[in-house]
Amino acid sequence: MSSDLVSYLVLLVAGAALTVAVGVTLRRSGQAMLEEVYPGPRASGVIRMVAVGFYLVAFGVLALISTVSVPVDGQVQMVVTKLGVVLLVLGATHGLTALVLGRIRDAGRRAELDQQLTAAMRTRA
């Protein structure tokens, strides 16, 4: 096997493993966030859709990064540089996804509070 192919495979395997690890963490923490305001099945459905979006973006970026030429010396530096970019993108994607989940949770809380306020006002009237 050529060293280019080995470097390519190392990058893809390591990047995929990192993506799955971040995705699993995101799904677990996101599930807990959404269950605060949505019943079980609805929270599960929303987090699945968000997780699919995360995986599509992350694996798409990994595929693109794996084909870009990096002006460094040697295969090891190239793999490390590309993995660094993958980690930065995963971190940014994870943060953005957590922000979206937080906004979904906050919107659900606001809707629940609005319903409670409306119900309380009706009982007073």
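Before anything else, one term: when I say two residues are in contact, I mean that they have heavy atoms within 4.5 Å of each other. And please keep in mind that what you're looking at is a predicted model.

So, which residues is Leu101 in contact with, once we leave aside its neighbours within four places in sequence? Leu26, Gly30, Met33 and Leu34 are on that list, and so are Ile47 and Val50.

Leu101 also turns up in the largest nonpolar core, which has 16 residues. Leu101 is one of the members that touch the most other members, and the others in that group are Leu34, Tyr38, Phe54, Val86 and Leu90. Where does the core come from? Helix H1, residues 3-35, helix H2 and helix H3, residues 75-124, are the elements that give two or more residues to it. H2 provides the largest share, with eight residues. If you're new to this, here's the background: nonpolar side chains tend to be buried together in soluble globular proteins.

Let's stay with Phe54 for a moment, and turn to the rings. How many aromatic pairs are there? The count comes to two. Phe54 is buried, because its relative accessible area is 2%, and the cut-off for buried is under 20%. Tyr55, at 22%, is partly exposed.

Tyr55 and Phe59 are stacked, their centres 6.1 Å apart and their planes at 15°. Why are these two about one helical turn apart? Because they sit four residues apart in helix H2, which covers residues 40-67. Phe59 is partly exposed too, with a relative accessible area of 33%.

Now for the charged side chains. Opposite charges on side chains can pair when the charged atoms come close. Searching the whole structure gives three salt bridges.

Take Glu36 with Arg105, where the closest N and O atoms are 4.0 Å apart. That pair links distant parts of the chain, since Glu36 is in the loop between H1 and H2, while Arg105 is in helix H3, 69 residues apart. Buried or partly exposed, what are these two? Glu36 is partly exposed at 44%, whereas Arg105, at 18% relative accessibility, counts as buried.

Glu36 also meets the side chain of Arg109 in a salt bridge, at 2.2 Å from N to O. Arg109 lies in helix H3 and Glu36 in that loop between H1 and H2, so this pair ties together parts that are 73 residues apart in sequence. Arg109 is partly exposed, with a relative accessible area of 35%.

That leaves Arg105 with Asp106, a salt bridge whose closest N and O atoms are 3.7 Å apart. Asp106 is partly exposed at 30% relative accessibility. And because these salt bridges share partners, they join Glu36, Arg105, Asp106 and Arg109 into one network.

That's my tour, so over to you for questions.

How values were computed. Residues numbered from 1 in each chain as written. Predicted model: local features only at pLDDT ≥ 70, side-chain atom pairs only at ≥ 80, totals over all residues. Heavy atoms only, no water. Phe/Tyr/Trp six-rings, centres within 6.5 Å; stacked < 30°, edge-to-face > 60°. Buried < 20%, exposed > 50% of the residue type's maximum accessible area, 1.4 Å probe, protein only. Core = buried A, V, L, I, M, F, W, Y, C linked by side-chain atoms within 4.5 Å.
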